[in-house]
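Me: I've got a model open and I'd like to learn how to read its helix packing. Can you walk me through it?

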Amino acid sequence: MAACTIVWFRRDLRLEDNPALIAAARAGTVVPVFVWSPAEDGQFHPGRVSRWWLKQSLTHLELSLKKLGSPLILRKSPDTLSVLLEIAEATGATQVFYNHLYDPVSLVRDHRVKQGLSQRGIVVHTFNGDLLYEPWEVYDEEGQAFTVYEAFWKKCMSMPFEPEAPLLPPRRLTGPIGKIVGCNAEELGLEDEFEKSSNALLARAWCPGWGFANKSLDSFLRSPLIDYARDRQKADGASGTPTSLLSPHLHFGELSVRKIFHEVRKRQITWAREGNAGGEASVNMFLRALGFREYSRYLSFHFPFTHERSLLANLKSFPWRADEGYFKAWRQGRTGYPLVDAGMRELWATGWAHNRIRVVVASFSVKFLQLPWRWGMKYFWDVLLDADLECDVLGWQYISGSLPDGHELDRIENPEVEGYRFDPDGDYVRRWIPELARLPNEWVHHPWDAPPSALRAAGVELGTNYPRPIVEIGAARERLQASLAEMWERDAAMKAALANGLEEGLGETVEVAGTGGPEHERMDVPRVMVHMQRDADMSCNSSRRDQLVPEIVPNQFHIRAHESIMNRSAAMVEDGEEAGRAAVPMVFASVRRGMGGNYGGHHVEGNGGEVAQASAPIQWPTVTAVDYELDSTAESASVTGRGGSEGGTVPVWSQSVSARTPIQVREGLVPEVRRGPGLSRRQLQASVQRVNLEGMTSNKAEEEDFYVPKLVKWTQPRKRRVKQDG
């Protein structure tokens, strides 16, 4: 008798090269399911444009699956596990298949789902549908996780086996007998009525869906790829996009990264045979860009605290400035620096910006304004069309100097120089800042230096219709150096407070240049053991079996980590109407009341009906707790004081009218810093990094299947880049 299998779709909304779907099709009856559970996303609830894309993509996938013979079942619920159990009972399904995700939010949820299904006798099989290589397959010569991109990508490109070839979609699917209660994409509530008029503009530029994703890839391979190395830095794509524009398709899993890799490699082989050096260079450059996405998942999996804390431990002492006025001016595109303002206005209007522009605006936020990088990361998450938590974290940590190979802490770029480098003709600035449209090229990137006659002729009144710079470049450099000096003083004081200046697991240290402090300063980098000596007998083939299933073992700290992700200690409020009427970028994606409560409820939304649920809260599996007596190291502690042993401080995006002045209410959300639940970030890391590689053919993992990374510290020199003039 053929098995009945539920395929749980998440960020893999495609038919082609979908390992979970294809394996289920081979097993027998297939029940495709997608559960929209914003409550489980907590503070990382998708923003407006991301939800629009998801709605269109689900509609496209629903039609495709229906044609194959098994329609997609859509459900909305505060609890994914209860929906899967209910559908399994209704269909008689004995298996649940899904593809891996690697961000901390998904790891917490996926573990709970797997445990709940297994306890009910349902077999869970998981697959790699998102990466070229699984995070536990790539490690250095000492068996530890990489913390430098170049070394990581070099190892990936020198692996003894190529990434798996993409799989063809199933020819047909055998659907379940009888009708399963569900809803359509419109009933999921992904799009509010007041959002539809704005979202309609997105459809003019983008076509979500896995079928359109393949067309976008074909278009990129035909033309832009061959000149990618030459054109990728152009900020203005009016005459033809210089980038692939595949990132939204990749985030929602409409396009397989393995398919992109193999298609691009085919072009590389062809151009190498033809002696086309430019084409080869373009492929190498594009593959490196694809590698950054791979690396973002790698870091998120091995260092799951990085969405809240810098990878470099020294950054916990940096005196970030919680200046709401600066933050508002930055996100509204009113900093007085044309390239920065143009980028922020494009980001708000379209949900998109060129990667080079994202680097410029992010660098301005953390280096000029010294705003906490987590504020910028959260804003990008809320407004980007391709908002991707892992890539978002990697990008902001790289810009803020929080990575060993990121921007140096004392590196600060001049937006004027960057403007002439990436927008030499000023076309990009003029498109998004019409106030400067008539300003000559000579002054378009630094209007404050233009003579009064030129400003009058262009109709520019600095301080009236276009702002003056909110921070002078010279002052920004001096303030950054002062902040770095303060950071090193704090860091030295913290280390001196330890017994005899020794810290367990600190390891050797080396001299580091270019960190914004004295050349003898040391940067502390955590390390994670990936490949242990007892695994030496495992061959390469065994390390890449489908049986290797990431799973985190919960304990009291794991539960607290889940509460931290949910931000449940924060007050949740309704959406404000002023935000919807704003003419300039002012607000964050809203969080509805009730999303921060317990999972226990009385019903979940279906197709006009209700699905019974237990009203009791979640019962987490009982395990032995591990005592990790480590302090919180969240950067936001530098804003309101370091968190004590009861937990760190985390930013909460609130719209509480009572906490703000009337003008702040009119102008939208402002960041507030509140104390979160008792949780050490290192406890979160130690808990989440317990990974169980469970056998695919057994519900009970054997002893040798458990993979428990060891945490140690090491230090690494950071090479100072030589700045090149534009």
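This is a predicted model: local features need pLDDT of at least 70, side-chain atom pairs count only at pLDDT 80 or more; totals for chains, interfaces and linings use all residues.

Me: How do I read the geometry? At what angle do the axes of α11 and α12 cross?

Reply: Angles between N-to-C directions run from 0 to 180 degrees, and over 145 counts as roughly antiparallel. Here α11 (residues 257–274) and α12 (residues 277–302) have axes that come within 9 Å and cross at roughly 160 degrees, so the two helices are roughly antiparallel. The crossing of α11 past α12 is left-handed.

Me: And α6 with α12: which angle do their axes make?

Reply: The axes of α6 (residues 149–157) and α12 come within 10 Å and cross at roughly 105 degrees, which makes α6 roughly perpendicular to α12. On the α6 side you'll find Y149, E150, F152 and W153, and these pair up with L287, R288, G291, F292, E294, Y295 and Y298 of α12. By class, that's seven nonpolar, one polar and three charged residues.

Me: What about annotations? Where does UniProt place the "binding site" feature?

Reply: Treat such labels with care, since annotations may be inferred rather than shown by experiment. The unreviewed UniProt entry puts "binding site" at Y228, T243, S244, L245, L246, S247, F286, D386, A387 and D388. Of these, A387 and D388 are included in the lining of the largest cavity. S247 lies in helix α10 (residues 247–251), while F286 is among the α12 residues that meet α11.

Notes:
Residues are numbered from 1 along each chain as its sequence is written. Side-chain values use heavy atoms; hydrogens and water are left out. Helices (H or I, at least four residues) and strands (E, at least two) are DSSP runs, numbered from the N terminus. Angles under 35 degrees count as roughly parallel, over 145 as roughly antiparallel, 65 to 115 as roughly perpendicular and the rest as oblique. A crossing is left-handed if the near helix is turned anticlockwise from the far one by less than a right angle, and right-handed if clockwise. Contact means heavy atoms within 4.5 Å. On a 1 Å grid over the protein atoms alone, a cavity is a set of points where a 1.4 Å probe fits but cannot get out, and a pocket is an open set with protein on both sides within 12 Å along at least five of seven lines; lining residues have an atom within 4 Å of a point. Ala, Val, Leu, Ile, Met, Phe, Trp, Tyr, Cys and Pro count as nonpolar, Asp, Glu, Lys and Arg as charged, and the others, Gly among them, as polar.
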